[in-house]
Amino acid sequence: MSKIRDIHHMPTLAALMTPFPYHIDIEAPIEDAEALMDEHQVHHLPVTRDGDLETIISRGDIERAQSPGHRLEEQQFYVRDLCARRPYIADIHDPLDKILLAMADTGIGSVLVMKEGELAGIITVTDALRFCGEFLADLTRPVDDSVA
C-alpha cells in the first residue's frame with residue numbers, strides 16, 4: 001500500500017476499488033456468469049444491457065438459486081432472473097468512510113463505482129476489509145527516517 005499515513009485526508013473510492021471489472025450481459029445464461037466468476041476468481045459481476053450498466057449479480061445469488069428444491073433445477077435461467085434489482089452505485093470521488101458505513105448499515109456486499117456516468121470499478125466487502133487491514137498495518141509500521 002502506498003503511504004497512507006495521512007490520516008487527516010479521507011481516501012476516495014478510487015483508493016480501493018477494482019478498476020474496469022469484468023461484466024456480463026443481462027441476457028447471458030447463468031452458467032456463463034458462473035464460468036466468468038470462476039475464470040477470474042471474482043464473486044460479483046456488474047450486469048449490462050446493451051452495453052449500459054443495469055445491475056449486479058453475485059456468486060451468492062447463483063448459489064441460492066442452485067440450492068436443493070430451488071427453481072434453477074427445473075429450467076434454464078439467465079442473469080436477468082437472479083441479479084439484484086437495485087445495486088448500490090457511488091461516484092469515484094465519494095469519501096470512503098461514507099461508502100463503508102453504508103455497506104455496513106445496509107449489509108450490501110458490493111458497490112458499483114461510476115466516473116462521469118460510466119462504470120469505473122467495483123468495491124466488495126473483501127476489498128474493504130483488505131484495504132482497512134493494510135491501512136491499519138501501515139499506520140503501525142515504524143517510519144524509516146533514514147536518508148540514503
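Hi everyone, two housekeeping points to begin. Because this is a predicted model, local features need pLDDT of at least 70 and side-chain atom pairs count only at pLDDT 80 or more, while totals for chains, interfaces and linings use all residues. Residues are numbered from 1 along each chain as its sequence is written, and side-chain values use heavy atoms, with hydrogens and water left out.

Let's start with the overall picture. The protein has 5 helices and 7 strands; here helices (H or I, at least four residues) and strands (E, at least two) are DSSP runs, numbered from the N terminus. Along the sequence, the pattern reads β-β-α-β-β-α-α-β-α-β-β-α. Of the 148 residues, 36% count as buried. Buried means under 20% relative accessible area, exposed means over 50%, and partly exposed is in between, with a 1.4 Å probe and protein chains only.

Now, what sits inside? In soluble globular proteins, nonpolar side chains tend to be buried together. A nonpolar core is a set of buried Ala, Val, Leu, Ile, Met, Phe, Trp, Tyr and Cys residues joined through side-chain atoms within 4.5 Å. The largest one in this protein has 16 residues, and Ile24, Ile30, Leu45, Val47, Ile57 and Val79 have the most contacts inside it. Two or more residues each come from α1 (30–40), β3 (44–49), α2 (59–65) and α3 (79–82). The largest share, 4 residues, is from α1. There is also a second, separate core of 14 residues, including Leu13, Leu16, Ile99 and Ala120.

Which strand holds Asp25? Asp25 is in β2, residues 24–25. At a relative accessible area of 30%, Asp25 is partly exposed. Leaving out residues up to four places away in sequence, Asp25 touches Val47, Thr48, Arg49, Asp50 and Val79, where contact means heavy atoms within 4.5 Å. Asp25 and Arg49 are 24 residues apart in sequence, yet their C-alpha atoms are 5.7 Å apart in space. Across the protein, among contacts between residues at least 6 apart in sequence, 56% join residues at least 24 apart.

Gln41 lies in the loop between α1 and β3, and has a positive phi of about 50° although it is not a glycine. Glu116 sits in the loop between β6 (110–115) and β7 (118–124), with a positive phi near 55°, and is likewise not a glycine. Gln41 counts as exposed because its relative accessibility is 73%, and Glu116 counts as exposed at 73% too.

Gln41 brings us to the last stop, the largest pocket. Its volume is about 300 Å³. Of the 17 residues that line this pocket, Gln41, Val42, His43, Thr124 and Asp127 are the closest to its centre. Elements giving two or more lining residues are β1 (18–19), β3, β7 and α5 (125–140), and α5 gives the most, with 4 residues.

Terms used
On a 1 Å grid over the protein atoms alone, a cavity is a set of points where a 1.4 Å probe fits but cannot get out, and a pocket is an open set with protein on both sides within 12 Å along at least five of seven lines; lining residues have an atom within 4 Å of a point. Grid points are joined across faces, edges and corners, and a volume is the space filled by probe spheres set on the points.
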